[in-house]
Amino acid sequence: MKKRERIEIIKKELFSIYGDREIELDHENNFQLLIAIIMSAQATDKWVNKVNQTFFQHLKTPQDGIEMWEEAIREHIKRIWLFRWKSKNIHQTCLDIVNIYSWEIPNTIKELTKLPGVGIKTAKVYLWVTTNAPYLAVDTHVHRTLNRLWIVKTKLPLQTDKAAEKIFTDDDTAKLHHSLVLFGRYHCIARKPKCKTCPLLHVCPYKKKNLD
Ligand code: SF4
């Protein structure tokens, strides 16, 4: 079966399961969304949400982040992996949004990735949620599932990102991104993929399937 045909089957199956699901990071506004995505690097959404139940009561605007200072941010997020690096970036991001971008969070990948702690994946996820931009942001789940499904053959997420940009150009790309994230998070998991009950088993060429 050709790759394009397999992609259409993958989309159909995944959209029927995950197509209507929204991002799992809790937030009340776009600013909090951006901060939550920064915090979620190498941390689970569930854990970020738990920490943000209290943190976001104090952090609703960039001005709150500026007034809180880095030390207080660090105290709030100290149970998150890489909290020192992230608190520094969150504080500087608040300063940059106010001082450089006049309170407006930028809405291009180029400008967003100039903010501290905002990489290409963070920028694409943010733009997907806020503008439905057709980006396939590549995190560890997307990288893994696309490789197992032989849609790409890459070693690093950045390589997958570049390859995916050429393959996925349709309007439903953002929807596919989120479906792949959830599929990788809950089904095609890293250690023991649930191949026996996988809706993509018939199109998956992965050689180390877990069929026990
Ligand atoms: S069959 Fe297994 S490896 Fe292939 S996509 Fe499904 S869960 Fe992942």
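Analyst: We will go through the cavity, the ligand, the pocket and the rings.
This is a predicted model, where local features need pLDDT of at least 70, side-chain atom pairs count only at pLDDT 80 or more, and totals for chains, interfaces and linings use all residues. Residues are numbered from 1 along each chain as its sequence is written, and side-chain values use heavy atoms, without hydrogens and water.

User: How many cavities of 30 Å³ or more does the structure hold?
Analyst: Rolling a probe the size of a water molecule over the atoms shows where empty space is left. On a 1 Å grid over the protein atoms alone, a cavity is a set of points where a 1.4 Å probe fits but cannot get out. Here there is 1 cavity of 30 Å³ or more. The volume of the largest cavity is about 110 Å³. It has 14 lining residues (an atom within 4 Å of a point). Closest to its centre are Phe183, Cys188, Cys195, Cys198 and Cys204.

User: Where does the ligand sit?
Analyst: A molecule sits in a cavity if more than half of its atoms lie within 2 Å of its grid points. The ligand sits in the largest cavity. Residues around the ligand (a heavy atom within 4 Å) include Arg148, Leu149, Pro193 and Tyr206.

User: What is the volume of the largest pocket?
Analyst: A pocket is an open set with protein on both sides within 12 Å along at least five of seven lines. The largest pocket holds about 790 Å³ of space. Its lining has 32 residues, with Ser40, Ala41, Gln42, Lys121 and Asp139 nearest the centre.

User: Which charged ends sit over rings?
Analyst: The test is NZ of Lys or CZ of Arg within 6 Å of the ring centre and within 35 degrees of the ring normal. Lys153 has its charged end over the ring of Trp150, 4.2 Å from the centre. Lys175 lies over the face of Phe15, at 4.6 Å from the ring centre.

Notes:
Grid points are joined across faces, edges and corners, and a volume is the space filled by probe spheres set on the points.
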